[in-house]
Structure formats: structure tokens, C-alpha cells
Amino acid sequence: MKLLVRDLAQVATPPGRGAPIRGTALGDIDVVEDAFVLCDGETIESVGRMRDLPALDGDVAEVDGRGLCAVPGLVDCHTHAAFGGDRVDEFSLRAGGASYEELHARGGGILSTVRATRAAGEEGLVRAVERHRGWMRAHGTTTFEAKSGYGLDRDTELASLRAIRAAGGVPTWLGAHAIPPEFEGDGDAYLDFALAEVLPDAARLAEAADVFLERGAFDAAQARRCLEACRHAGLALRLHGDQFTEQGAIPLAVELGARSVDHLEATGEEGVRTLAASGVVGVLLPASALFLGRPMPPGRALVDAGAAVALATDFNPGSAFCESLPLCCSLAATQLKLAPAESLAACTVNAAHVLGRADRLGRLAPGFRADVVLLDATDWRYLAYHLGGDLVARVVVAGELP
Ligand code: NIG
Ligand code: FE
């Protein structure tokens, strides 16, 4: 079955085929005015100007694109969507002045979500991830990564990964997110358990592994040990690094050949230079910095230095209760000084690259998966311009209108 989205005000897409995109090329977007997107089943057949639309025979469903723009389905390459409960009480305390790190040190924060996630059961987790996927999709996300990391015991970690897969997400094992209470602060003993008892099964369910390298979480030696074991088990590597303090995350990610290092709010000039000279993608999470009232990551400096950057929500109940990539594009423009074109490439092609899927996702071009976001605007840059706006008119996922 074919699907024709016709009479679009604009089709906007990162050009070319390669990934990741970096440097001045990050700002290049192909824009076709008065345009169509033609999908054949799950795949894009062609994109072009209405006047070049060939005669189509057979069964073709049509979508009226008048007054709308098409951009590639957005790719959220960093979320923590598998959780039970919420942290609205903690949010209220933080609004009154309590700090995120203090709440964490007092057994709140991540560990309070661990309690709620363990209590949710596998069915509860499946429902939660599906609900969160619906929220993301309403904001234009057609592919999402999600991490475990709120179970921290064997059953709940594996149930989280299964729930993410069941909802069509790309699963990442974040076994080293926090030290669960039963290990009484002994990170090495927890890793002994997690690497022996959880990793072998997690490696069959997940595509990548992630570690929270930070004061109060895991140190650089523990992160190295965990990531080396995960690499040996066949997983791609990610790293939460430089969120509050620089603890050597960037050199470690570069040395181990990680796909990405994510957060970077505390990254200094040397970190920027090291990352720019590497193949590791810097994942920028401005909604998290905003939600915690923390400094923003040095997005402009990273792009200018030639680093490959991606943009993601960090959707989670504690540090970024935000599922909207368009809002992240607005924050990237206003806070990180990224042009809308740079943001679009960062949350499409470069995010797809972090997930190992840039050959099929992130562009509106023949052969790519037919994931299309129709924006309620006649200029695609409203993606960043319309701050918190009701911007997404329709979403096509693998050639279907869900
Ligand atoms: O990416 N920093 C570590 N992990 C998450 C937050 C998790 C939470 O607060 O529940 C993050 O910000
Ligand atoms: Fe995160």
C-alpha cells in the first residue's frame, strides 16, 4: 500500500547519506517547497516538488499536507522511559530549594524510583513504557531508546528491558545507574553481582550498555570495569558523564570506543577538544539541565570545535520529566545557541547514528523508513521556534498513520 503526503508547504531533511554529521555540515538542511513525500509500505519511495509528482496507479492513500511541513521522524536516543511511580513530591521539594544531589544522597531521587519500579511488576512496566511511548509520539518521536536502571535487581532489570522491547523501543542496559540499598553503598560488590548475574541475560535483550559515572554513583574505575565487561558481552557502549562534575568520562568513552557520552553540563574546554577529535557523539540533554536548574552543556562550543552532537530529552521522572524533542530544539536554540538546522540534524541523523540506525532512520530520502512528522507550520523552523507549542499535526510511522 502506498501513502502520498501531498501539497506540503515544505519538506525539510538533512541531506546526504553519511553519519554522524558534524561541523558546518550540521547546519545544512535540504528544503523543498510545495512538495510531496511518497511512501511504499514501510519505506520512502520518493520526495520531490508537486510539479514533478509522477502519475500514480494502484491503491494510494492520500494525506492533505496543505499548510504543513514534513520533517523526518524524530529519534530520541536517550530516555529512561521504563519506570514506575513519579517524583512529583520531590519536584515540589526541589521547587522550594532542595537540591537533586542532596535528595539522592538521602535515599530519594533515583532510589525512590527504584522502589516504585520494583513494585510495578512486569505488566505495570509494559503499560508504563507504552504510555510513555504515546507521549513521545505525540511530540514527533518515531524511534526511542530507553534504558533500564530503575530495577537494579535481576528480575526488574530484565523486565524493564523486555518492556522496552515490547513497546518497540531500543533497549539499553543501565545496570550501573545507582547502588541499590541492599548493597549498602558498596559499588564494587554491586557490580560483582550485576556483571555475573544480570549482564549475561541483559546482553541478549539490550543493544547497548550505559553507566552513570558521577560523584555519588560510579567512579571511573568502576565505569571502566562495567563497560569493558559489557563490550565483551557484545553490547555497544554509552556513558552518562560530566553531568555535575568531570570524572574522566570523555577520555574513557574515547578510549573504549563508546557510541556516545551524554549530559556534558560540566564539560570544560579540554573535554570539548577531546570529544571533537573523536568518533564519540556528545548527547546534549538541555531539558535535564533546565529541569534541575543546572548549567547548560557547551553545545555551541562542541559544534564549533567539530564534535558530533545529538540532542535528546533524557525523559525520566526525576531530572527531566519531558518527552518533547521539539521543546529540546527550542532549548537548543535559546540556551545552547544551536541553529534550528543543527538541532534537526542532531535529533534525527545523529541520534539515529548513536542507535546504530543511521542507514534507515533520520532522513526523508528514498530507501529510508517512512517515518514522517507533519508540523502544523508553513516553515519547518517552527520546530525550534514554537516554544512548547502544539506543533505536531500528524505522525507517520513506518508508512502508517497510527
Ligand atoms: O540522566 N543522571 C542519571 N540518571 C538520570 C536521572 C535519573 C533520575 O533522576 O531518576 C539522568 O539525569
Ligand atoms: Fe539520562
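How far is an oxygen atom of ligand 1 from an N or O atom in the side chain of Asp314? In this predicted model, the distance is 2.9 Å.

| Side chain | Distance from its N or O atom to an oxygen atom of ligand 1 |
|---|---|
| Asp314 | 2.9 Å |

On its own, ligand 1 has 330 Å² of accessible area, and the protein covers 100% of that area. The ligand sits in the largest cavity. Its surroundings comprise 15 residues, with Arg87, Tyr100, Tyr150, Gln243 and Ser319 the closest. By class, the shell around ligand 1 holds nine polar, four nonpolar and two charged residues.

The backbone has some features to note. Most peptide bonds are trans, and most residues other than glycine have a negative phi. Ala19 and Pro20 are joined by a cis peptide bond with omega of about -5°. Pro20 belongs to the loop between β1 (2-13) and β2 (30-40).

Glu184 is part of the loop between β8 (170-176) and α5 (187-205), while Leu264 is in the loop between β12 (260-263) and α8 (269-276). Glu184 counts as exposed because its relative accessibility is 73%, over the 50% cut-off. Leu264 has a relative accessible area of 0% and is therefore buried, the limit for that class being under 20%.

Terms used:
Residues are numbered from 1 along each chain as its sequence is written. Chains are lettered from A and ligands numbered from 1 in the order in which they are written. This is a predicted model: local features need pLDDT of at least 70, side-chain atom pairs count only at pLDDT 80 or more; totals for chains, interfaces and linings use all residues. Side-chain values use heavy atoms; hydrogens and water are left out. Helices (H or I, at least four residues) and strands (E, at least two) are DSSP runs, numbered from the N terminus. Buried means under 20% relative accessible area, exposed over 50%, partly exposed in between (1.4 Å probe, protein chains only). A residue is near a molecule or strand if one of its heavy atoms lies within 4 Å of it. A polar contact is a pair of N or O atoms within 3.5 Å; within protein, one must be able to donate a hydrogen and the other to accept it, and residues adjacent in sequence count only if both atoms are side-chain atoms. Accessible areas come from the Shrake-Rupley method with a 1.4 Å probe; for residues, only the protein chains shown count as cover. On a 1 Å grid over the protein atoms alone, a cavity is a set of points where a 1.4 Å probe fits but cannot get out, and a pocket is an open set with protein on both sides within 12 Å along at least five of seven lines; lining residues have an atom within 4 Å of a point. A molecule sits in a cavity or pocket if more than half of its atoms lie within 2 Å of its grid points. Ala, Val, Leu, Ile, Met, Phe, Trp, Tyr, Cys and Pro count as nonpolar, Asp, Glu, Lys and Arg as charged, and the others, Gly among them, as polar.
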